[in-house]
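Colleague: Can you walk me through this one? I have the sequence and the coordinates open.

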Protein chains: 2
Amino acid sequence: MRILLAEDDDRIARDVGAALGAAGYIVEREADGEEVWFKGDTGEYAAIVLDLGLPTMDGLSILKRWRAAGRTFPVLVLTARGTWNERVEGIDAGADDYLPKPFRIEELLARVRALLRRAAGQASALLQVGSVTLDTRQMQVTVNGVSVSLSPQEYRLLSYLMHHAGRVVSQLELTEHLYSQDIERESNAIEVLVGRVRRKLGVDVIATRRGFGYMACEPGA
Amino acid sequence: MRILLAEDDDRIARDVGAALGAAGYIVEREADGEEVWFKGDTGEYAAIVLDLGLPTMDGLSILKRWRAAGRTFPVLVLTARGTWNERVEGIDAGADDYLPKPFRIEELLARVRALLRRAAGQASALLQVGSVTLDTRQMQVTVNGVSVSLSPQEYRLLSYLMHHAGRVVSQLELTEHLYSQDIERESNAIEVLVGRVRRKLGVDVIATRRGFGYMACEPGA
DNA sequence: CCGGAACTGTCAGCGGACTGTCAGGTTCGA
DNA sequence: TCGAACCTGACAGTCCGCTGACAGTTCCGG
């Protein structure tokens, strides 16, 4: 899960970035407004945390331009300006959620979780596919109630697939969400990762759609 | 758009109800906790506005029971209890959004709009022609409910034909759509492909218009 | 500071799936 | 009836994904 953190305050950015990173997300930080717009417009992010007070381009304008261009990723807006009508303006500009400063890191994390959940069409912090359950709060995976230990990267892979359960996810899409930088199409890292997760789970919840990608679904399907 | 308003405070309920009604939603109000749970569990609502402090059953419990039962409608939680960890708890219990009292009616409306907007954006696209159904999300094809496994190229062909169902599609058009570069009219690759898809489907949904091309349509036509 | 363990990407090889080609048969329409 | 268009089965080269092994890196306890 790649998250774009658009924040110009160094201290906040560091704290939030660290927390998001510890929560298992790939965080990319950007302080300049125009650059933020460009990255959101072209990059592949699971969500964007957007501070309204950015240099070179206003946060609301950025958001409106994204939405006007049809970008639908969830956006969590941060702002010190806490009057209600500005909040309404932010939400109607296309923000999916709103968090006034100052805030607790825990609350930001919860809201980001909620955004990702909602974007995936899930309503609970528990994702379940077949006999596999993934708890996004505790970052824990269980198969038939038995806990399974996954490495960070393995967890991210499974998490992404289960967030999009029932949908075919291409290797390219996985690559873009699992790795912050460039994409080399030579690598079979994803395939190796899928193999490792499959072995650890011991259950067949990751189906291969040859030529298309992978999909989390019930073993029978 | 029916919205369930679960609120026991008469004044708030009246104000919010009026505002939602004026905004064009059908509002159903309910003050009793257990009754709210039952209505949410059995009724068809586009969204639910849920106050946490209800009599006979706690709002968080209601929410958790809905989510545990797989109900996915968007829920906007209202509460007077504003400490951050209770907010986190509410969000992780499956709330899609959270609004602390006191709030402005305009902000509540904006958040409801945002919830409905997001909930609408996740429908699965199903193409159907005769007894053949193509799910673009799962990239899966079913005939009379039975899943059929198609290769990538076969899937692309069928997908293109079904996207243009009822229209004759020339071989040239298919070739240009299925193959990246050159087109040699020497090849009968398309014909072979069509044959394979037909055999796998077992149903006659691809008609040949001799000299013109192919067309996806009901067997009778 | 060191040694080991865990993590993760790379590589080579294997097996099966995919797909275009071709030859020969069939069908359709003028 | 004739020829072009289309269908079909067989086949082979290629591609794709899986696996085991390995090495660079990081992390952690001693």
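Modeller: This is a predicted model. In chain B, five strands make an open sheet, ordered E2-E1-E3-E4-E5, with parallel pairing.

Colleague: Which strands stand at the edges there?

Modeller: Strand E2 (26-30) and strand E5 (97-100) of chain B. Each has a single partner strand, so one side of each is left without a neighbour in the sheet.

Colleague: And by how much are neighbouring strands turned against each other?

Modeller: By 20° on average, ignoring direction.

Colleague: Take E3 and E4 of chain B. How many bridges do they pair over?

Modeller: Four, in the parallel sense, between strand E3 (residues 47-51) and strand E4 (residues 75-79) of chain B. Within that pair, Val49(B) sits opposite Leu76(B) of E4(B).

Colleague: Switching to chain A. In which sense do E7 and E8 run?

Modeller: Antiparallel. Strand E7 (residues 132-135) and strand E8 (residues 140-143) of chain A are joined by four bridges, and Val132(A) has Val143(A) in E8(A) opposite it.

Colleague: What is in the hairpin between E7(A) and E8(A)?

Modeller: Four residues lie between the strands, and Met139(A) in this hairpin adopts a positive phi near 50°.

Colleague: What comes next to E8(A) besides that?

Modeller: Strand E9 (residues 146-148) of chain A, joined to E8(A) by three bridges and also antiparallel. Thr142(A) has Ser147(A) in E9(A) as its bridge partner. E8(A) and E9(A) form a hairpin too, with two residues between them. In that turn, Asn144(A) has a positive phi of about 55°.

Colleague: Now the DNA. Which residues come nearest to DNA strand D?

Modeller: Of the 18 residues around DNA strand D, the nearest are Glu191(A), Gly195(A) and Thr208(A), along with Gly195(B) and Thr208(B).

Colleague: Which elements give two or more residues to that surface?

Modeller: Helix H8 (189-201) of chain A and helix H8 (189-201) of chain B.

Colleague: What is the make-up of the surface near DNA strand D?

Modeller: Eight polar residues, six charged and four nonpolar.

Colleague: Last one, Leu172(B). Where does it sit, and is it buried or exposed?

Modeller: Leu172(B) belongs to helix H7 (residues 171-178) of chain B. It counts as exposed because 12 other C-beta atoms lie within 10 Å, and the cut-off for exposed is 12 or fewer.

Colleague: How far is Leu172(B) from Phe212(B) in space?

Modeller: C-alpha to C-alpha, Leu172(B) and Phe212(B) are 9.6 Å apart, with a separation of 40 residues in sequence.

Technical notes:
Residues are numbered from 1 along each chain as its sequence is written. Chains are lettered from A and ligands numbered from 1 in the order in which they are written. This is a predicted model: local features need pLDDT of at least 70, side-chain atom pairs count only at pLDDT 80 or more; totals for chains, interfaces and linings use all residues. A residue is buried if 20 or more other C-beta atoms lie within 10 Å of its own, exposed if 12 or fewer, and partly exposed in between; C-beta atoms are placed from the backbone. A residue is near a molecule or strand if its C-beta atom, placed from the backbone, lies within 6 Å of it. Ala, Val, Leu, Ile, Met, Phe, Trp, Tyr, Cys and Pro count as nonpolar, Asp, Glu, Lys and Arg as charged, and the others, Gly among them, as polar. Two strands pair if DSSP finds at least two bridges between them. Axes are lines fitted to C-alpha atoms, for helices over the stretch in contact, and angles run from 0 to 180 degrees between N-to-C directions.
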